[in-house]
Amino acid sequence: MANSKGKRRRFGAVRKLPSGRFQARYPGPDGIMRPAPVTFETAGDADDWLAEKQTEVRRGDWQDPDAGAVSFEEYALRWVKERGLSPTTDELYRRLLRLHILPVLGGWDLDEITPPRIRTWRAERLETVGETTVAKSYRLVKAILETAVEDELIRRNPCRIRGAGKESAGERPIATVEQVDALADAMGPRWRLMVYIAAYGPARPEEQAEMRRPDVDLETVGVWVRRAAPELTTGRRVVGDTKSEAGKRFIVLPGFMRKDLERHVKWFAEKEPNGLLFVGEKGAPFRRSSFGRKWRRARAKVGLPEDFRFYDLRHTGHTLSTQSGATLKDTMVRAGQSSTRAALIYQHSTLERQKEVAAGIDARVAADRQAAKAAAEKRDDQASGTDLARDA
């Protein structure tokens, strides 16, 4: 068939419909004839569209228009399943999908999820849940759809909102040395060491959950972090690797903690050679629910705000390390954090340096305790003076 310019058409076909409009059809690389998604007012318009399709096929840019007709819900759930995620990350992603993503986007096919629909979904979420949850949800949707682009199911990722995946969490509070001591006392002898390791290590709760007798070094005064046991929302602990390779480390602790380490191993750790360091009163691994109740009571007794979490003791440890002269690399080593910053590749933190940092924390804690003691004695003296004056 000739085109509108009288030349024989080499790619595709155009026919005039009874309505007077024109339909264009073309062969994809797979040989299947596919119609244009719309009809055209003139044969020339149809020819132009066919020329664009022919260019896409020649350049290798052509995409099957039916490829994106895949359920987003089906694709997203398969995406999570195939990632080989850690149990805690898998649980997080499935929760975000169930609560915040699939109820809105799950009914669409991949190619039906457009930038306007993403903007509307995000705006509606911001009206009902916190910004941090929305940012996490947006990042997950963007990652799933980016894989759909790589799989050539859609041409371009519709998640294009600048900064939508960034979390802007507020600065977390820190505790003073006096408050850490008060928390340790309020938690009781069994959990006292856990408070100190969280604050002066600083170790993550899931890392402490898997610490065992051989991980304690009384000579150097420190603990090894070799594994982690995060607790899922079901209450089940999943023993596995640390959050990253940097998480496997030896934490040199301040010297004042030697006595706490010795007492805890002797009194509360499981008795077998490879026994857990922290177990509950009945001998079972500690649980977030029961530990949380003790923590909330201790926090209230010390007078810390309700939003002060046990994990915030880790932030306290970061601050104390820095105040004790630790470099960024030193604090990263202590906290088991990894970074891709090129500048950090050339920095090192040796065991000797970690001992120096721990000694600095030890001196800082001792100084703060002495200052708190002097302030308390001064208050007592002033109160006594007031009493004597009143009696006279």
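**Helix packing, nonpolar cores and backbone exceptions**

Helices H4 and H5 are roughly antiparallel to each other, because the angle between them is about 155° and angles over 145 degrees are counted in that class. The model described here is predicted. H4 spans residues 115-126 and H5 spans residues 131-150, and their axes lie 9 Å apart. The crossing of H4 over H5 is right-handed. On the H4 side, the contact is made by Ile 118, Trp 121, Arg 122, Arg 125 and Leu 126. These residues meet Glu 131, Val 134, Ser 137, Tyr 138, Val 141 and Leu 145 of H5. By residue class, the contact of H4 with H5 comprises 7 nonpolar, 1 polar and 3 charged residues.

The largest nonpolar core contains 45 residues. Within this core, Ile 197, Tyr 200 and Leu 313 touch the most other members. At least two core residues are supplied by each of helices H6 (177-187), H7 (189-200), H9 (258-267), H10 (288-302), H11 (312-323) and H14 (351-391), and likewise by strand E5 (222-225). H7 provides the largest share of the core, with 9 residues. When neighbours within four places in sequence are set aside, the contacts of Leu 313 are Val 180, Leu 183, Val 195, Ala 198, Ala 199, Trp 295 and Phe 308.

Most residues other than glycine have a negative phi, and most peptide bonds are trans. The bond joining Gly 201 and Pro 202 is a cis peptide bond, with omega at about -10°. Pro 202 is located in the loop between H7 and helix H8 (205-208).

A positive phi is found at Glu 152, which is not a glycine, with a value of about 60°. Glu 152 belongs to the loop between H5 and H6. Its relative accessibility is 57%, so Glu 152 counts as exposed, the cut-off being over 50%. Val 221, also a residue other than glycine, has a positive phi near 65°. The loop that holds Val 221 runs between strand E4 (216-217) and E5. Val 221 has a relative accessibility of 3% and therefore counts as buried, for which the cut-off is under 20%.

Note on methods: Residues numbered from 1 in each chain as written. Predicted model: local features only at pLDDT ≥ 70, side-chain atom pairs only at ≥ 80, totals over all residues. Heavy atoms only, no water. Axes fitted to C-alpha atoms, helices over the stretch in contact; angles between N-to-C directions. Helix = DSSP H or I, 4+ residues; strand = E, 2+ residues; numbered from the N terminus. Parallel < 35°, antiparallel > 145°, perpendicular 65-115°, else oblique. Left-handed = near helix turned anticlockwise from the far one by under 90°. Contact = heavy atoms within 4.5 Å. Nonpolar A, V, L, I, M, F, W, Y, C, P; charged D, E, K, R; others polar. Core = buried A, V, L, I, M, F, W, Y, C linked by side-chain atoms within 4.5 Å. Buried < 20%, exposed > 50% of the residue type's maximum accessible area, 1.4 Å probe, protein only.
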